[in-house]
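Please look over the sequence and the structure before reading on.

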Amino acid sequence: MAGAAGVVFIAVTYLGIKALSWLGAIAAPLFIIAAGTAMAVAANNGDFGRITEFHGAGGGAMTFGVAVTTIMATFADSGTMTADFTRWSKNGRQAVWATATAFPVASLVAQLSGGVLVAAGAIASAETAGGDFTPILTGVGSPILNVLVVVFVVINLGSVCTHCLYNGALGWSHLVRSKMRLLTLVLGVIGVIVALLGAWDYFVNWLSILGVLVPPLGAVLIADQIILRGRLAGRAETRFRQTAFIAWAAGAAVALLVHVVAPSFSDAVVGLLVGLVVYLAVELPRKQVPQA
């Protein structure tokens, strides 16, 4: 199933941004339908009053810092690649509204639905299954809900995978000066192979790595494109900006140190703040050379 789905996802990505937009337009409302149905089924079969009595699962609750890092890591990479999709917006206003609603609203709905169902005890083996609510729907024994689960899983995974593959192919096509569709095939095949080798077993470790490496990248983008936007507007174009890499490396290094020495704190928040401060510190004193 993973191999077959991977082939389909590669094919959709190969078609381009129009196919991705249609897939996303279906996936978002479908998630609301599936999650809402799971909530209704769980409410009929359990007691949501248990939510306040939840003490964590998996042999011990996370610290707040680790939880923050984990949540940020789940969409930190999406935040840095958002511009690859919002650049197709009809105007800047729509791009801003799409971004401003996607993360604090849409992401919150996804996180809360899983969290509420786990805290209510509606998900069996939550320490390994997490917030996966599909067994709630298949456990009813309804053919309609079974079909809904299959369609939901394929489309929602497809929406995430195709957008990530598009972003990776687009970025690598610029780096190696090749075609986006060629890189879609190459990276897609690599991704399917990695998935079949059992990458899912290392998902938590992958989130930890993202929590260290990705937030400082976001910090550099925030500092460069928002905080210093006016001051840096006339600078000369360059293929390599070492100050950005210095700030990212500093943020990632400190985040890794926190991960090892003080794991109760949030690697992602520390890396974000350090990367932001270092970039401002190295860029502000620099005299900008206007573009000819």
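A residue counts as buried when its relative accessible area is under 20%, as exposed when that value is over 50%, and as partly exposed in between, with a 1.4 Å probe and protein chains only. By that rule, 31% of the 292 residues of the chain count as buried. The model is a predicted one, in which local features need pLDDT of at least 70 and side-chain atom pairs count only at pLDDT 80 or more, while totals for chains, interfaces and linings use all residues. Residues are numbered from 1 along each chain as its sequence is written, and side-chain values use heavy atoms, with hydrogens and water left out.

**Fold and overall dimensions**

- The chain contains 13 helices and zero strands, where helices (H or I, at least four residues) and strands (E, at least two) are DSSP runs numbered from the N terminus.
- The radius of gyration, taken over C-alpha atoms, is 21 Å, which agrees with the value near 19 Å that a compact globule of 292 residues would have; the globule rule is 2.2 Å times the number of residues to the power 0.38.
- Along its principal axes, the C-alpha trace of the chain spans about 70 × 45 × 40 Å.
- Of the contacts (heavy atoms within 4.5 Å) between residues at least 6 apart in sequence, 75% join residues at least 24 apart.

**Surface and charge**

- The chain exposes about 17500 Å², of which carbon and sulfur atoms supply 71%; accessible areas come from the Shrake-Rupley method with a 1.4 Å probe, and for residues only the protein chains shown count as cover.
- There are 15 positive and 11 negative side chains, and the centres of the two sets lie 21 Å apart.
- In that count Lys and Arg are positive and Asp and Glu negative, without His and the chain ends, and each charge is placed at NZ of Lys, CZ of Arg, CG of Asp or CD of Glu.

**Cysteines**

- A search of the whole structure finds zero disulfides, a disulfide being a pair of cysteine sulfur atoms within 2.5 Å.
- Cys 161 is in no disulfide, and the cysteine sulfur nearest to its own, that of Cys 164, is 6.9 Å away.
- Cys 161 counts as partly exposed because its relative accessibility is 36%, and Cys 164 is likewise partly exposed, with a relative accessible area of 34%.

**Gly 24**

- Gly 24 is found in helix α2, which covers residues 17-45, and is partly exposed at a relative accessible area of 23%.
- Gly 24 and Ala 253 are 229 residues apart in sequence and, from C-alpha to C-alpha, 35 Å apart in space.
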